[in-house]
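Please walk through this model strand by strand and helix by helix, with the structure open beside the text.

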Amino acid sequence: MSEIEKNEAERQARYTPAEIEPKWQARWDAAPDLYAADAHDAGKPKFYCLEMLPYPSGQLHMGHVRNYAIGDALARHMWMRGYNVLHPMGWDAFGLPAENAALKNNTPPREWTLSNIDAMKKQMRRMGLSYDWSAEVTTCLPDYYRWNQWFFVKMFEKGLAYRKKSKVNWCPDCQTVLANEQVINGRCWRHEDTIVEQRDLTQWFFRITQYADELLSGLDKLEGWPEKVRTMQRNWIGRSEGTLVSFAVDGEVKADCSTITVFTTRVDTIFGATSVQLAPEHALAKAFAAEDAELAAKIEALLDEQQKAREADDLGGIEKHGINTGRFAVNPFTGEKVPIWVGNYILADYGTGAIMSVPAHDERDFEFATKYGLGIKRVIAPKKGGEPELPFTAEDDAVLIDSGEWTGLGCVEAQRKMAAAAKAKGFGEPTVTYRLKDWGVSRQRYWGTPIPMVYCQNGHEGVEPGGVVALPESALPVLLPAQVEITQEGGSPLGRVPEFLNTTCPVCGGPARRETDTMDTFVDSSWYFYRYTDAKNDTAPFSSDKANYWFPIDQYIGGVEHAILHLIYSRFWTKVMRDLGLINNDEPAERLFTQGMVIKDGAKMSKSKGNVVSPDDMIARYGADATRMYALFAAPPDRDLEWQEEGVAGISRFLGRVYRFATKYVDVVRDGRKPHIVGRTEVDQKLLRSLHQTIAKITQDFSGRWHFNTSIAAIMSLINETVAAESAIDAEQASPAAVAEIIRNLILLLAPFAPFFASELWEQIGEEGVVFRTPWPVADEELAREDEIEVPVQVNGKLVNVIKLPADSDQEAIKTVALADDKVKARVEGKSIVKVIVVPGKLVNLVVK
């Protein structure tokens, strides 16, 4: 071989992702159906694999890559297992950042958003991600958001969408309303340093509380969801069983303030109530304040204290202050008058905004009563008798005392009977309450779905002047105007666009005004995965037949930070669609996986923290496959990954090693595919054992554990062992058939993790077809079985030695070898063996005296 030929051979044996990957991406781009799912009536078992869709910020970072690499590996594996796989991608494209960019760069939100989508899609293609782009969804386009509007009208017709004035969360930076779920520790979910304010505004709401019980009970069926997510949702829904009780206000008062209704989970303690306490913003507190300027000033001071504690995210730790109003309420069970106080720790938006204070049996009430010298009356006692230290809060093994006809009853029994009595006498009723509040969906923004409602100026039958009217389906979509001045001041920009604002009533034809609020962007992401199943449908949100075939999602992948935002809203939306007759399933996803974060410099990788690593840089240096494999190898997928670029370089070197080995034996592999009548050599047996053990392990990992880090480690171990046998292979101590089987299956095992790399080697060894549509290898149990096993031997639970014996040894043979071992005999000498415990293939334990 000449020097030129030698150099060319060496060059061809080098792994060059900069040449290999673009070549294969071009081929894949030329085959638009490569990743398309088969029709829903194809007769194959289905697998819907989905990663949460991203906001199109303009650039992917390694946190995104990790999420997408997990789903991509799983989708490719399921194709190889013969499943009909749906693996789509789309864009959560409405939202505040586009408006911020419009202000900063004078770029219209639509232009900014679509440009970012184009850039991120190119990055995804370069990563080799297996998305079916024919199912792509972009939520800011009318062909999608018209169905948001359609759903809104349907929910309005069902009484699930309604409008009311209420206290709402207001972000000064976003200049818009936030749902309760978007307030994290008193701060905006988008602006971590911005304190959320409280404002009174008329807003649109979705009645998610109507589904509260089902949202809660459904969690028990979601066995494929992480317990952490289910617990977070249970706590957010916050179901409490108790009693509503009305205390009559003593003396003259406005008709609508004649009673104080409290919710209590301990109605059994009501004979011990020594005051009733109101939130500073309670209607009755305001009524008292209107009649007494001095009291008004004191209540205002309590409200200021509450607001400061809210801003400091310390409502739970607020120093409790209160004001005696000088007025009284009547305990409906006892007829006694109790003073009415206003407390800074009582919240208007929690429960009824009022409580009954029972100091003897509640720690918070005891602290307040002790501070202000209020009465403390014990009405619960231990069953066994005695006077416990106060506050005594026990419920089990406790009975009522000094509680009229209920004295002597156990607490739980008394709660049931006293609630029934309150209902029978008309001053209360058994009640279930929830921490979950209805979903406020109005946003004072331009870049969102217009709400499809108008306000009829003159009114008509059934609608008073200025009343709300839903638009008919024929009037949808209500399009966002293209040219809007965005100032983030003075309410929604749509209110300053006359051609949008002024319209006609669809019922009477008279003048009308459009709703200028837009929908919360979580509306967009609550049902997008259904649209993927029928993305081009222009007559319905999707075909029910197609959705019922694909749903529930078999595997959903995303961050745990969405547990009480997207994930609870999407569950609600699924139940609404089911009740509209669109789908059959109760839950959107059968299994949920929440991947760990990518950490760099001690913090989660994010643009705001300035610690983002671009996959483009990693691809340019090491290739997409090495970048993806590092994201899967560096840590178990559910754990946080500490970013280290040297790890990507290490994966690249590993792939280079596999490439050199496989290409060296291309001719052997091609020859090895021909039939050979020859027995297996000792080298064959050893290498094939490792191969089939690796196949079994990785198959098991894909079936549930998802420890792709150990899967890739197993492939590394296999290649190490195979390369170590290279001289034996060269000496023809391994058969061509065995070498061909090892290299062929090694490529198939790598295909889900490194598709460019596997495709190149698949072609080089002379195979035809798409490597990741080739059947997944099946482990041969006989070949995988070890000839010899190691079994630890213990004496009284302490390890003495490890013995080796044939893998097919039965229990008696294992016992015999263990008892004959010199170290074991020395340890038991002079003692009597009471029992010999043999766990075949696992251990032997001798119990001696």
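In strand β14, Pro-339 is the bridge partner of Phe-328, and the pairing to which this bridge belongs joins β13 (residues 322-330) and β14 in the antiparallel sense over 6 bridges; strands here are DSSP runs of E of at least two residues, and helices are DSSP runs of H or I of at least four, both numbered from the N terminus, while two strands pair if DSSP finds at least two bridges between them. The model is a predicted one, in which local features need pLDDT of at least 70 and side-chain atom pairs count only at pLDDT 80 or more, whereas totals for chains, interfaces and linings use all residues. Residues are numbered from 1 along each chain as its sequence is written, and side-chain values use heavy atoms, with hydrogens and water left out.

The hairpin of β13 and β14 has 6 residues between its strands, and Gly-335 in this hairpin takes a positive phi near 80°. Strand β14 (residues 337-343) also pairs with β12 (residues 275-278), here in parallel and through 3 bridges, with Val-276 standing opposite Ile-340 of β14. Of the 7 residues of β14, 6 are buried, that is, under 20% relative accessible area, where over 50% is exposed and the range in between partly exposed (1.4 Å probe, protein chains only).

Strand β5 (residues 161-171) is joined to β6 by 3 bridges, and Cys-171 stands opposite Thr-176 in β6.

Turning to helix packing, two packed helices are described by the angle between their axes and the distance between the axes. The axes of α17 (residues 615-622) and α19 (residues 645-664) come within 10 Å and cross at roughly 35°, where axes are lines fitted to C-alpha atoms, for helices over the stretch in contact, and angles run from 0 to 180 degrees between N-to-C directions. On the α17 side Met-618, Arg-621 and Tyr-622 meet Glu-645, Val-648, Ala-649 and Ser-652 of α19, contact meaning heavy atoms within 4.5 Å.

Helix α22 (residues 708-724) contains Met-716, which counts as buried because its relative accessibility is 17%. Leaving aside neighbours within four places in sequence, Met-716 is in contact with Phe-633, Ile-651 and Phe-654.
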